[in-house]
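Please read them with the structure open beside you.

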Amino acid sequence: MDEHDGYFGERVASRYDESAAEMFDPAVVDPVVDFLAQIAGSGRALELGIGTGRIALPLAQRGVPVHGIDLSKAMVARLHAKPGGKDIEVTIGDFATTTVDGTFSVAYLVFNTIMNLTTQEAQVACFRNVAAHLEPGGCFVIEVGVPDLQRLPPGETILAFHVSETRWGLDEYDVASQGLTSHHFEIVDGKAHRNSIPFRYAWPSELDLMAQLAGLSLRERWSGWKREPFASDSRSHVSVWESPRI
Ligand SMILES: C[S@@+](CC[C@H](N)C(=O)[O-])C[C@H]1O[C@@H](n2cnc3c(N)ncnc32)[C@H](O)[C@@H]1O
């Protein structure tokens, strides 16, 4: 782990857009931006873990003012180097605790990034931090996987999530602590690179309880950004919690 940039230091940042190329496909990005722009209305958006601006840039291009928070200066440097990137203000810090000026009609945390907070305390702090930044009736949107435990055979701890010619991904579960370490192995220019990132997984119901502790209530839950129904076999969810309208 980089001392300042967390798990998204210079080496990861320099290859992030390329290694997550399928997530930058307009077929993936456009429904996210449609969903968030509709919830933002005429208000501002706060992205926690803004990274290289995969969602923030097209959302800003739709006319929604976006402010970001991120730990990694290396990731944010990539965002600011892109066309329009400099117009997006970013505060460097931990999104569980970092505060920014003003209030927002929507705050969002996509691509499983709530799981980067590896304790329940930090995840609860994040919900509380977001709630403090929302205007009345404002929404917090999270996109995250449903814990994949149904695919984990009894007694096993490892699940492969990606296997290709040059890239392998293995998730290692520690069920007792709700811990999940994603091990990424990649061959770049003939050299093997490993990057292991710790996560904490949480069930949708636990996230609802965190929202409740922060004074938010569940408004919508879908299995995808096109508002596909959420069901027992859904592998991920898009959840929206709302602050009181007062
Ligand atoms: C998987 S990337 C997602 C980036 C972007 N949201 C996207 O969808 O492409 C996770 C981002 O969250 C940031 N991050 C992880 N934990 C964080 C924390 N506790 N506080 C602030 N940023 C964090 C990382 O630096 C990284 O830029």
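How far from an oxygen atom of the ligand does a polar side-chain atom of arginine 54 lie?

1. The distance from a polar side-chain atom of arginine 54 to an oxygen atom of the ligand is 3.0 Å, a polar contact being a pair of N or O atoms within 3.5 Å (within protein, one must be able to donate a hydrogen and the other to accept it, and residues adjacent in sequence count only if both atoms are side-chain atoms). This is a predicted model, in which local features need pLDDT of at least 70 and side-chain atom pairs count only at pLDDT 80 or more, while totals for chains, interfaces and linings use all residues. Residues are numbered from 1 along each chain as its sequence is written, and side-chain values use heavy atoms, with hydrogens and water left out.

2. The ligand is surrounded by 19 residues, the closest being Tyr16, Glu47, Gly49, Asp70 and Phe95, where a residue is near if one of its heavy atoms lies within 4 Å. This shell divides into 9 nonpolar, 6 polar and 4 charged residues, with Ala, Val, Leu, Ile, Met, Phe, Trp, Tyr, Cys and Pro counted as nonpolar, Asp, Glu, Lys and Arg as charged, and the others, Gly among them, as polar.

3. An open sheet of 7 strands with mixed pairing has the order 3-2-1-4-5-11-10; strands are DSSP runs of E with at least two residues, helices are runs of H or I with at least four, both numbered from the N terminus, and two strands pair if DSSP finds at least two bridges between them. Strand 3 (89-92) and strand 10 (217-222) stand at the edges with a single partner strand each, so one side of each lacks a neighbour in the sheet.

4. Within that sheet, strand 5 (residues 134-145) and strand 11 (residues 236-242) run antiparallel and are joined by 7 bridges, and valine 141 has valine 240 in strand 11 as its bridge partner.

5. Strand 8 (residues 179-188) pairs with strand 9 (residues 191-200) in the antiparallel sense over 10 bridges, and histidine 184 is partnered by asparagine 195 in strand 9. In this hairpin, with 2 residues between the strands, aspartate 189 takes a positive phi near 50°.
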